[in-house]
Amino acid sequence: MPGSTPASLSAEAPAVPAAAAAAKKPRFSPGLEAWRRFRRHKLAVASAVILLGMILAVAFGPLVWRVPINEIDFAAKLEGPTLAHPFGTDDLGQDVLARLLYGGRISLSVGLCAMLVAAFVGVLVGALAGMSRGTVDAILMWLADLFLSLPQLPLLLLVIYLFRDALKSAFGPEGGVFIMIVIVIGGLRWMPVARLVRAQILSLREKEFVEAARALGASKMRQVVRHILPNALGPVIVAGTIDVAAAIIAESTLSFLGLGFPPDIPTWGRVLFDAKDYLDIAPHWAMFPGAAIFLAVLSINFIGDGLRDALDPRRVL
Amino acid sequence: MSRQYLIRRLLIAIPSLLGISLVLYSVLALAPGDPFGELATNPAIPPEVAAALRAKFGLDDPVWSRYLHWLTAMFQGDWGFSFVSRMNVDTLILQRLPTTLIVIGAAQLLAIVVALPIGVLAATRPYSVFDQIANTLAFIGFSLPTFFTGLLLILLFSIKLDWLPFVFRDDITATGLQWLWEETKQSIMPVMVLGLFQGASLVRFVRSAVLDVVRLDYVTTARSKGIGERKVVVRHVVRTALIPVVTLVALQMPIVFGGAIVTEQIFRIPGIGSLLISSILANDTPVVMGVTFVFACLVVLFNLIADFLYAWLDPRIAFR
């Protein structure tokens, strides 16, 4: 398990000596080494290319494919893929490709932001628990266990049900829903990261290099941030990658249930929600957003798998 | 399994149930909107009347006393009244619960039946072609969101092939074998969606658990005694490897419930998952709270079952 990774050899540590390896290879750094290991995982590399393509497509696609997402054209409604509409049209004759490109921005950024929230809370709680043993540690870990046994989707639905209107009026329909979904998804996924970080701190804080830092008078904060966390980074990155995929699925699920973003914001899950009643006459409308979600999640999961191999220095590759 | 262990685990479940109820209640209490908010702004209602109403329903009490009040009401079975369905929340949930449990149970069974042999086979031939295919398929399986698999299956089996009905019917009038056949036909797709999603992650658990055990000394001993490879795997390896898998299956339960909500919604199965969605859309707060609490209780219950199974399968656990 990544939690018990020995301190001295962690791949992402900025100042690993690795003298023996450096003697043989002239150019050597933990980052390069991780990249060399990552490239061994063919599927992960292919996934990284696909994901990068998707990110570029949603970032710059709307600038190239300039069809408006809400141009209603009843003459062309529910058309299959044609040259004018490569992904077909929906029940209002709106261009599905344009909607997917625009909605993808939100779907992907929800995933990323929710992961950042989860990683931030997780590292904070984990570091706090690991450094302060005793009662605080016990309470925080009990809290993590409690959150792990909460049914996530029902709770997510409950929170959205209760807070939807207030946030909408405070931050507008788009911003409010975005903030809420990011915070709630992130807030329900910090536990694995917290446990990882705590386990790393417990094993690292007694190591000689941390003791040396302590002896030199480094504050607790500095010991954690400067000396311990960089060594715990590998597993956290892997957990974070998988969190992005989980957050994308969570957002799509909410939108698919009709409880996520409002109809005028075509996230992939939302498009799927609108398309599901036309499955018999316009299957393309549901297939493209579904495939987009699947492809994004699959490639992120594969990248996570590749990173797990690449960032775990005990694994021989 | 000692009785002491059993009691200890049961006692540990109580604070986690209390904690979950606390989380649920604080979400409810923090939520904006007050059931009597309208009264306060309505000029036709004198402030004294509004204050009297608030006092009557205990809305001005401190939060902790309202929480205790709510908690005792929940424990006494007073879960409130659903204004949309015009019945008590607990009766409503009890009506719907069996359907959900049957679907989830069947899906888990399917997942285990599929994942166990594949995981064991993959682990006994690590890095072989079979292992790589199984691994890739498992990745695809748990990257496919349940709502998309559901739509794909409907498209394939209901629309293109017209083999299976895509709306779950509660009112099948047929009897005997005909009834069983209809029920099976309409359950195939939901159970497949949930079961395959669950099975995909289970394959990976089983594989890594078996890989951990295969290298142990006692397996080498068994093999060197000349027992056939098949027997070594089935009698010696799998039995030990399944112990951690049991816990992992239970830890997956929150995710399974999430999948069940989606599946029930797609196939319109009248379970508590679709009840949750419809009551959210209808603003039926007592039902929403009740269903969420039931889901939480089910998760705790399954964790408890896993603990007991774990101790029963591995007697060393109970003595720790």
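Residues are numbered from 1 along each chain as its sequence is written, and chains are lettered from A and ligands numbered from 1 in the order in which they are written. Since this is a prediction, local features need pLDDT of at least 70 and side-chain atom pairs count only at pLDDT 80 or more, while totals for chains, interfaces and linings use all residues.

The model comes with an ipTM of 0.81 and a pTM of 0.83. Chain B holds 14 helices and 2 strands; here helices (H or I, at least four residues) and strands (E, at least two) are DSSP runs, numbered from the N terminus. Of its 320 residues, 35% count as buried, with 20 or more other C-beta atoms within 10 Å of a residue's own, C-beta atoms being placed from the backbone. Contacts (C-beta atoms, placed from the backbone, within 7 Å) with a separation of 6 or more in chain B are 72% between residues 24 or more positions apart.

Now for where the chains meet: 34 residues of chain A are in contact with 36 residues of chain B. On the chain A side, H6 (152-187), H9 and H11 each bring at least two residues, and H6(A) gives the most, with 11 residues. That side of chain A splits into 26 nonpolar, 6 polar and 2 charged residues, where Ala, Val, Leu, Ile, Met, Phe, Trp, Tyr, Cys and Pro count as nonpolar, Asp, Glu, Lys and Arg as charged, and the others, Gly among them, as polar.

Helix H10 of chain A (residues 268-275) is mostly covered, with 8 of its 8 residues buried. Among them are A:Trp268, A:Arg270 and A:Phe273. The cover includes H4 (96-131), H9 (220-256) and H11 of chain A, along with H7 (146-160) of chain B.

H11 (residues 283-311) of chain A also packs against H3 (residues 42-64) of chain A, at an angle of about 135° and with the axes 8 Å apart. Axes are lines fitted to C-alpha atoms, for helices over the stretch in contact, and angles run from 0 to 180 degrees between N-to-C directions. H3(A) is therefore oblique to H11(A), as angles under 35 degrees count as roughly parallel, over 145 as roughly antiparallel, 65 to 115 as roughly perpendicular and the rest as oblique. Residues meeting here include A:Leu51 and A:Met54 in H3(A) and A:Phe302 and A:Asp305 in H11(A). The contact's residues divide into 11 nonpolar, 3 polar and 1 charged.

Key:
Two residues are in contact if their C-beta atoms, placed from the backbone, lie within 7 Å. A residue is buried if 20 or more other C-beta atoms lie within 10 Å of its own, exposed if 12 or fewer, and partly exposed in between; C-beta atoms are placed from the backbone.
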